[in-house]
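Subject: A structure for you, with some notes

Hi there,

Here is the structure I promised to send over. Have a look at it first, and then read on for my notes.

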Amino acid sequence: MLDGYIIEELRRREAERQRQERQRPQVEIPLHRDDDDQRDRRSEREEPSESGSSVVTIDF
């Protein structure tokens, strides 16, 4: 069995870790926007042109 001091130290460290985690900034990403439905319907009506192709380059 662990000594009482060790158990208290483990509890103190866990409480400190949880406190730091709660203070960390968080970003919430929206799962659904109101205008998503309109955009989806608009893209379904538009037919892609077969005459040319588009290339998108993303550089990080």
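Below is what turned up, starting with the salt bridges and ending with a nonpolar patch.

One thing to keep in mind from the start: this is a predicted model.

**Salt bridges**

How many salt bridges does the structure hold? The count is six. Let me take you through some of them.

The side chains of E8 and R11 come together in a salt bridge, with an N to O distance of 3.1 Å. Both residues belong to helix 1, where they sit three residues apart, about one turn of the helix. As for exposure, R11 has a relative accessible area of 55%, so it counts as exposed, since the cut-off for that class is over 50%. E8 is at 47% and therefore counts as partly exposed.

Further along, E14 pairs with R17 in a salt bridge at 2.5 Å, N to O. Here too the spacing is three residues within helix 1, or about one turn of the helix. E14 is partly exposed, with 34% relative accessibility, and R17 is likewise partly exposed, at 40%.

Then there is the salt bridge between E16 and R19, whose closest N and O atoms are 2.4 Å apart. Why are these two about one helical turn from each other? Because R19 and E16 are three residues apart in helix 1. R19 comes out at 33% relative accessibility, which makes it partly exposed, and E16 is partly exposed as well, with a relative accessible area of 30%.

You will also find a network of salt bridges, and it links E9, R12 and R13.

**The nonpolar patch**

Which residues make the nonpolar surface patch? They are L2, Y5, I6 and L10, and the patch has an area of about 430 Å². Y5 is placed in helix 1, which runs over residues 4-23. Is Y5 buried or exposed? With a relative accessible area of 61%, Y5 is exposed, because anything over 50% falls in that class.

**If you only have a minute**

Start with the patch made by L2, Y5, I6 and L10, then turn to the E9, R12 and R13 network. After that, the pair E14 and R17 shows the salt bridge at 2.5 Å, and R19 with E16 shows the one at 2.4 Å.

Best wishes

How values were computed
Residues are numbered from 1 along each chain as its sequence is written. This is a predicted model: local features need pLDDT of at least 70, side-chain atom pairs count only at pLDDT 80 or more; totals for chains, interfaces and linings use all residues. Side-chain values use heavy atoms; hydrogens and water are left out. Patches are made of residues with over 30% relative accessible area and no salt bridge: like charges are joined within 9 Å, nonpolar side chains (Val, Leu, Ile, Met, Phe, Trp, Tyr) within 5 Å. Accessible areas come from the Shrake-Rupley method with a 1.4 Å probe; for residues, only the protein chains shown count as cover. A salt bridge is a side-chain nitrogen of Lys or Arg within 4 Å of a carboxyl oxygen of Asp or Glu. Helices (H or I, at least four residues) and strands (E, at least two) are DSSP runs, numbered from the N terminus. Buried means under 20% relative accessible area, exposed over 50%, partly exposed in between (1.4 Å probe, protein chains only).
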